[in-house]
Amino acid sequence: QVQLVESGGGLVQAGGSLRLSCAKSITTLNRYDIGWFRQAPRKEREFVAAITWNGARTLYADSVKGRFTISRDDAKNTVYLQMSSLKPEDAADYYCAAAFSAGTSSSSYIYWGQGTQVTVSS
């Protein structure tokens with residue numbers, strides 16, 4: 001099993017930056033890829049970014065490429081999502097999730113955190 005806890009959400013002005021953290025508590029020896037998803041009110045959950053278990057490869061949604069950076073620190077069991085140049089449309093609840101193989105579909109992910117809210121003021 002793996003438990004995920006997101007933190008770092010909050011209120012930020014448009015054009016500002018914010019770093020989200022996903023702390024992992026893993027009780028098996030399985031290697032997991034980690035993805036970030038977001039869901040705005042009255043909208044479907046959408047893929048944001050993902051990183052493989054060894055950090056060798058990353059994936060980004062076109063809407064955030066060049067503005068967001070995903071990274072991981074295995075010594076701290078934490079995955080980060082550094083967000084910059086934030087736009088009002090980035091406002092959403094952000095979730096991290098674990099999968100055996102990262103992809104852009106939420107159906108690929110087995111474990112999910114409870115989410116952290118990001119609000120962007122215009």
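Q: Before we start, what counts as a helix or a strand here?
A: Both are DSSP runs, numbered from the N terminus: a helix needs at least four residues of H or I, and a strand needs at least two of E. Keep in mind that this is a predicted model.

Q: Thanks! How many helices and strands does the protein have, then?
A: The protein has 11 strands and zero helices. Read from the N terminus on, its elements go β-β-β-β-β-β-β-β-β-β-β.

Q: OK, let's look at strand 5. Where is it, and how many of its residues are buried?
A: Strand 5 covers residues 46-51, and five of its six residues are buried, so the rest of the structure largely encloses it.

Q: Which way do strand 4 and strand 5 run, and how many bridges join them?
A: Strand 4 (residues 33-39) and strand 5 run antiparallel, joined by five bridges. For a landmark, find I34, which stands opposite I51 in strand 5. The two strands make a hairpin with six residues between them, where R42 takes a positive phi near 65 degrees.

Q: How does strand 5 pair with strand 6?
A: Strand 5 and strand 6 (residues 58-60) pair in the antiparallel sense, over three bridges. A50 has L59 in strand 6 as its bridge partner. This pair also forms a hairpin with six residues between the strands, and G55 in the turn has a positive phi of about 75 degrees.

Q: Is V48 buried or exposed?
A: V48, which sits in strand 5, has a relative accessible area of 0%; anything under 20% counts as buried, so V48 is buried.

Q: What does V48 touch, leaving out residues up to four places away in sequence?
A: Its contacts include W36, F37 and R38, and also L59, Y60, F68, L81 and Y94. As for L59, its C-alpha atom is 8.2 Å from that of V48, and the two residues are 11 apart along the chain.

Q: Now strand 8. How many of its residues are buried?
A: Five of the six residues in strand 8 (residues 78-83) are buried, so to speak mostly covered.

Q: And how does it pair with strand 7?
A: Strand 7 (residues 68-73) and strand 8 are antiparallel, with six bridges between them. T69 has Q82 in strand 8 as its bridge partner. The two strands form a hairpin with four residues between them.

Q: What is phi for N77?
A: Phi of N77 is near 50 degrees, a positive value in a residue other than glycine. N77 lies in the loop between strand 7 and strand 8, and its relative accessibility of 40% makes it partly exposed.

Q: What about S85, what is its phi?
A: S85 has a positive phi of about 50 degrees, although it is not a glycine. You'll find S85 in the loop between strand 8 and strand 9 (92-99). With a relative accessible area of 41%, S85 is partly exposed.

Notes. Residues are numbered from 1 along each chain as its sequence is written. This is a predicted model: local features need pLDDT of at least 70, side-chain atom pairs count only at pLDDT 80 or more; totals for chains, interfaces and linings use all residues. Side-chain values use heavy atoms; hydrogens and water are left out. Buried means under 20% relative accessible area, exposed over 50%, partly exposed in between (1.4 Å probe, protein chains only). Two strands pair if DSSP finds at least two bridges between them. Contact means heavy atoms within 4.5 Å.
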